[in-house]
Amino acid sequence: MSLIRSGSSCKSLNIQNHLDSTLKEVKDQASNKQAQILEPRPEPSLEIKPEQDGMEHVGRDDPKALGEEPKQRRGSASGSEPAGDSDRGGGPIEHYHLHLSSCHECLELENSTIESVKFASAENIPDLPYDYSSSLESVADETSPEREGRRVNLTGKAPNILLYVGSDSQEALGRFHEVRSVLADCVDIDSYVLYHLLEDSALRDPWTDNCLLLVIATRESIPEDLYQKFMAYLSQGGKVLGLSSSFTFGGFQVTSKGALRKTVQNLVFSKADQSEVKLSVLSSGCRYQEGPVRLSPGGLQGHLENDDKDRMIVHVPFGTHGGEAVLCQVHLELPPSSDIVQTPEDFNLLKSSNFRRYEVLREILTTLGLSCDMKQVPALTPLYLLSAAEEIRDPLMQWLGKHVDSEGEIKSSQLSLRFVSSYVSEVEITPSCIPVVTNMEAFSSENFNLEIYRQNLQTKQLGKVILFAEVTPTTMRLLDGLMFQTPQEMGLIAIAARQTQGKGRGGNAWLSPVGCALSTLLISIPLRSQLGQRIPFVQHLMSVAVVEAVRSIPKYQDINLRVKWPNDIYYSDLMKIGGVLVNSTLMGETFHILIGCGFNVTNSNPTICINDLVTEYNKQHKAELKPLRADYLIARVVTVLEKLIEEFQDKGPNSVLPLYYRYWVHRSVLAPAITQGGLDLLTL
């Protein structure tokens, strides 16, 4: 997914030429202006001296799929692999100079071509002097209007969020990755650009006029001249977010409480509307205390649920122009998988509160004037008709030629599939009419590698013919017009990287971000068969197949993935990680069944995914298990399911129940009993 808008190289050259031609004029103007004197430092507050070990961090190496990437064959995907833990703020970590707020032509072009500016002109733009053409008063007046109690940006400035993480070091670089990643998950990434603010640049460059939010995330003491720079930014109406930082002002002091350091605590967070959120958090080991100067705090507050009610989050306004800061001494920036999380019990507590951690972060960012609205629904993409076996390709195309209408379509009550050899972007895609590209050579995807799928699909029939889409409304609907017509040996499966209208059991919405393994599989079951007489077992078999597909991988047998009755996939008994939805239709003597399945593989947030369990297992057991891929696991799940169906049809339910018992999350409390309708629960 692209994180920032890209533009043409010619526009970036225009910016470069414009800057070169006006540089001398700007420097001449600046040389005639007297540097403004920073506002004196406010009432001093005691700052904590950082401990020697500083803040620990997690390095973010790009994980690879389990097994070696195969050589690309005709029709296979590009071979690029998404990282197991999505870093939406990824990319080269360098500092780029920010343009002057008074140069309106630069700003207008930069807002639409920010990526090409960074890469085409970063090395050529010389250092620019501070623009003193506007006073602090006018800047503050522009940045601090209020709308229904929330400050908004009306300046037209470059939408920059600057991250200061301390001195230039590998540890600081790790913190930058962590903070950038979590912020990119919270804010509208189409509206903001996140930059690394280095100490030298913070002192030298004119960043204050182009910054919507300054994030300070370091336990290091902040040098006096840099502290004054930050306070001057606040005096102009600037917004600051402190994350486990020594930065403070307004009479608040940061004091150490060693018993809290690196421990999981219960936090009570009060929102702007006075409602409360309770969650488990990782403490920094510090807290806020008011000094001799008492200052009316803002609306957001957070304290621990302990006897002292230690204050961990404070909201402090500053000056007369709308400046404000939210300062935190809990690690909202760290994921539950962080190396400083010490025990599996702490990991479980933090993962259970991960959704609420994001809720608190979004509340803070919204209060500081940023947009955290849900991202725009992605545009639908065409389907690609792929085959997992070369020998089935020709019969498939022959079958299609006989069943499409004069316009090349196969229609159902809900959807028309138009089969085409190639796709042009001018063709509209709607939920009710989707083009299907039949030329496999045109297929390429970062989210689905056909070769990995082929190598791991070991079935006789199931999953041989694939309909793949990057973005589709729901995979359940894609097979609607095909389920009663295609021969069984073609084994249809629909796979998507993202769904916009995913459905769960009982009509519930199913969130389907990138990183989920999303599929709908078509199977046919004779009515007069072992499984045909107990058709509700299908959902149980699919749930077991997902768990077995992971835990039967060599060395992955202890990954704590389980089945929860009737059709959910769980991490232990704590959090749902996936689910199954089955639609069946009886025609004559045959059940035509669509099995929809979705489970989290690489998408850690906002809840949990399989690769989180792998990472935690590696940490606790000093192992080196590789992260898993969605395409790899979908192929294994279909393979396991076909074997379970064969065993059930041959030997009945008793042949598969031992495996169900082994992975059943309730096995110590309840036992499943076989009935004509499937599995019921009996108390032991």
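Colleague: Why is Lys309 called exposed?
Modeller: In this predicted model, Lys309 has a relative accessibility of 56%, and since exposed means over 50%, that value places Lys309 in the exposed class. The residue is found in the loop between β11 (301–304) and β12 (311–318), and its phi is positive, about 45 degrees, although Lys309 is not a glycine.

Colleague: What makes Lys622 count as exposed, and where in the chain is this residue placed?
Modeller: Its relative accessible area is 77%, which is over the 50% that the term exposed requires, and therefore Lys622 is classed as exposed. Lys622 is placed in the loop between α13 and α14, and this lysine, too, has a positive phi without being a glycine, with a value of about 50 degrees.

Colleague: How do you know that Tyr288 is buried?
Modeller: Buried means under 20% relative accessible area, and Tyr288 has 4%, so the residue counts as buried. Tyr288 is in strand β10 (residues 286–290), and, once residues up to four places away in sequence are set aside, the residues that Tyr288 touches include Phe252, Val254, Met312, Val314 and Leu327. For one of these, Met312, which is 24 residues from Tyr288 along the chain, the C-alpha atoms of the two residues are separated by 6.1 Å.

Colleague: What share of the residues of the chain count as buried?
Modeller: Of its 684 residues, 56% count as buried, in a chain whose secondary structure comes to 15 helices and 26 strands. When contacts between residues at least 6 apart in sequence are considered, 72% of them join residues at least 24 apart.

Colleague: Turning to helix packing, how do α12 and α14 cross?
Modeller: The axes of helix α12 (residues 537–551) and helix α14 (residues 630–651) come within 8 Å and cross at roughly 130 degrees.

Colleague: Which residues of α12 and α14 meet, and how do they divide by class?
Modeller: Among the residues that meet are Phe537, Leu541, Val544 and Glu548 in α12, and Leu633, Arg636, Leu644 and Phe648 in α14. By class, the contact of α12 with α14 has 15 nonpolar, no polar and 2 charged residues.

Colleague: Why is Leu541 called buried?
Modeller: The relative accessible area of Leu541 is 4%, and as the limit for buried is under 20%, Leu541 is buried. This leucine is found in helix α12, and, leaving aside neighbours within four places in sequence, Leu541 is in contact with Leu531, Leu641, Leu644, Ile645, Phe648 and Val656. Although Leu541 and Leu644 are 103 residues apart in sequence, their C-alpha atoms are 6.8 Å apart in space.

Colleague: What angle do the axes of α7 and α13 make?
Modeller: The axes of helix α7 (residues 344–352) and helix α13 (residues 610–621) cross at roughly 155 degrees and come within 11 Å. Angles over 145 degrees count as roughly antiparallel, and therefore α7 is described as roughly antiparallel to α13. The crossing of α7 and α13 is right-handed, and their contact is made by Pro344, Phe347 and Lys351 of α7 together with Asp612, Glu616 and Gln620 of α13. By class, that contact has 2 nonpolar, 1 polar and 3 charged residues.

Colleague: How many disulfides does a search of the whole structure find?
Modeller: The search finds 0 disulfides. For Cys372, the nearest cysteine sulfur is that of Cys186, 6.1 Å away, and because a disulfide needs sulfur atoms within 2.5 Å, Cys372 is in no disulfide. Cys372 has a relative accessible area of 13%, so this cysteine is buried.

Colleague: What makes a bond to Cys609 out of reach for the sulfur of Cys516?
Modeller: The sulfur of Cys516 is the closest cysteine sulfur to that of Cys609, yet the separation is 9.2 Å, and as the limit is 2.5 Å, this is too far for a bond. Cys609 has 0% relative accessibility, and therefore counts as buried.

Colleague: Which residues are joined by a cis peptide bond?
Modeller: Trp565 and Pro566 are joined in this way, with omega about 5 degrees, and Pro566 lies in the loop between β21 (561–564) and β22 (568–571).

How values were computed
Residues are numbered from 1 along each chain as its sequence is written. This is a predicted model: local features need pLDDT of at least 70, side-chain atom pairs count only at pLDDT 80 or more; totals for chains, interfaces and linings use all residues. Side-chain values use heavy atoms; hydrogens and water are left out. Axes are lines fitted to C-alpha atoms, for helices over the stretch in contact, and angles run from 0 to 180 degrees between N-to-C directions. Helices (H or I, at least four residues) and strands (E, at least two) are DSSP runs, numbered from the N terminus. Contact means heavy atoms within 4.5 Å. Ala, Val, Leu, Ile, Met, Phe, Trp, Tyr, Cys and Pro count as nonpolar, Asp, Glu, Lys and Arg as charged, and the others, Gly among them, as polar. Buried means under 20% relative accessible area, exposed over 50%, partly exposed in between (1.4 Å probe, protein chains only). Angles under 35 degrees count as roughly parallel, over 145 as roughly antiparallel, 65 to 115 as roughly perpendicular and the rest as oblique. A crossing is left-handed if the near helix is turned anticlockwise from the far one by less than a right angle, and right-handed if clockwise.
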